[in-house]
Amino acid sequence: MKKKLASVLLCAVMAASMLTGCGNSGDAAATTPATDSKTDAATTEAVETTAAADGSVYYLNFKPEVDEVWQKLAKEYTEETGVPVKVVTAASGTYEQTLMSEIANTEAPTLFQINGPIGYKNWKDYCADLKDTDLYSWLMDKSLAITGEDGGVYGIPYVVEGYGIIYNDAIMQKYFALDGAKAASMDEINNFAKLKEVVEDMQARKDELGIEGVFASTSLTPGEDWRWQTHLANIPVYYEYKDKGITDTDNLEFTYSDNFKNIFDLYINNSCTAPGLLGSKSVDDSMAEFALGQVAMVQNGNWAWGQISGVDGNTVKAEDVKFLPIYTGVEGEENQGLCTGTENFFCINKEASAEDQAASIAFVEWLFSSETGKAAVTNDLGFIAPFDTFTDAEKPTDPLAQEVLRYMADSSKTSVSWNFTSFPSQQFKDDFGAALLEYASGSIDWDSVKQTVVDRWAAEKAAIAAN
């Protein structure tokens, strides 16, 4: 156990990837009671139920914004089944560090999450095999699961999410009605050139529109910059990977650096907050600015609906909350959809007792199969769940989730896949974010940012390989 922990700590320090927004397990014997060919299904189910009832659950949650929902679910499950469920939520940007600390405790998390293949490399010694669970059998697209070379299933995605530029359609319609507007409808805004033209005109006429700026604050406080060093950075990486026909690389060339710069400059130069002040802004600040109608646009994902609707004094109507793809000036982007995928994979700690593992699996399966659990998943957590246990009537109804579903159903749009799970480490992303803050404040030029990205990517990938 100590050797395993030492190994995973070293690996995580060098290569830990932050989970976002925005989400493994170990051997089958630990998750499903052993049976022989003479044991019938009823006996197996009885053994599993007994094991689950004798265990307890400790879930280490990643997203602070949904902590209240998880606490409520834990209480409801315990009241219904008698099985104790503890939920601990890591502070924003600290999940890997918290997991490293908690996994070493006597009472370690029994249920945790990783962000994809890189996360699995860090935590594979603690991941139980889930291939024989109902949860895996319910997964509509089993290719999304994290698998090992042995064929085992070590991480199961529990939500599909999408992100882009969220806009307030009421403000946009007000702009389109102005004399000399650069577009007559959102349908015309399908590339970066048109987006830039519209945004800059809106910023010049912000008083007429009754807003403080087009974009909400570009949060660059350390730990609050994941929308840029992870989510926005995904787009140039996506296109570079696409050109090269790869899914990972030891040496990122950042060939679409100028495209990243295009949209980043548009954000910081057409905002309600001056570029030099962005280092003091948080994600909550930017979402509040949008919710209060102070700005027309903000980059974030469908998970942000709770932040928008929950702001006191919120003035944005649900029917006016829409998504626009993040255009950066890449050829052919007129057909680009939202950035859609997942980096949220449930894992069961195989070092936990068999009873606790069974209890943890039972809790997650209850979440995605019971009426109470599915209602919470859809209405409170706002998940677009990838399981066939959900009927059409049980899918999310919040405006941003509906927008993700709309884009996914549009055959003329190609979703941008989530490639940031291949980013080498949290340290790489922190360094990238720090460079973006220096750039926004005028301390360094863009070439320095690009060099930071290229150098730190190579260094962190080399560190992983050396380990």
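Modeller: To begin with the term, a salt bridge here is a side-chain nitrogen of Lys or Arg within 4 Å of a carboxyl oxygen of Asp or Glu. By that criterion, D201, R205 and E208 are linked in a network of salt bridges. Please keep in mind that this is a predicted model, in which local features need pLDDT of at least 70 and side-chain atom pairs count only at pLDDT 80 or more, while totals for chains, interfaces and linings use all residues. Residues are numbered from 1 along each chain as its sequence is written, and side-chain values use heavy atoms, with hydrogens and water left out.

Biologist: How many salt bridges are found in the whole structure?

Modeller: The search of the whole structure gives 16 salt bridges. One of them joins the side chains of R205 and E208, at 3.2 Å from N to O.

Biologist: Is R205 buried or exposed?

Modeller: R205 is buried, because its relative accessible area is 15% and buried means under 20%, with exposed over 50% and partly exposed in between (1.4 Å probe, protein chains only).

Biologist: What about the salt bridge between K244 and E240, how far apart are the closest N and O atoms?

Modeller: The closest N and O atoms of K244 and E240 are 2.9 Å apart, and both residues lie in helix α12 (residues 234-244), 4 residues apart, about one turn of the helix. As a general point, an α-helix has 3.6 residues a turn, so residues three or four places apart point the same way. In this pair E240 is buried at 2% relative accessible area, whereas K244 is partly exposed at 36%.

Biologist: Which other salt bridge can you show me, say the one of D129?

Modeller: D129 meets K131 through their side chains, at 2.5 Å from N to O. D129 counts as buried at 4% relative accessibility, and K131 counts as partly exposed at 37%.

Biologist: Changing topic, how many aromatic pairs are there?

Modeller: The count comes to 33 aromatic pairs, where rings of Phe, Tyr and Trp (its six-membered ring) pair if their centres lie within 6.5 Å, and planes under 30 degrees apart count as stacked, over 60 as edge-to-face and the rest as tilted. The rings of Y120 and Y154 are a stacked pair, because their centres are 5.5 Å apart and their planes at 15°. This pair links distant parts of the chain, with Y120 in helix α6 (residues 117-123) and Y154 in strand β5 (residues 153-157), 34 residues apart. Both Y120 and Y154 are buried.

Biologist: How are F363 and W366 arranged?

Modeller: F363 and W366 are also stacked, at 6.2 Å centre to centre with 20° between the planes. They both lie in helix α16 (residues 354-367), 3 residues apart, and F363 is buried at 0% relative accessibility, as is W366 at 8%.

Methods. Helices (H or I, at least four residues) and strands (E, at least two) are DSSP runs, numbered from the N terminus.
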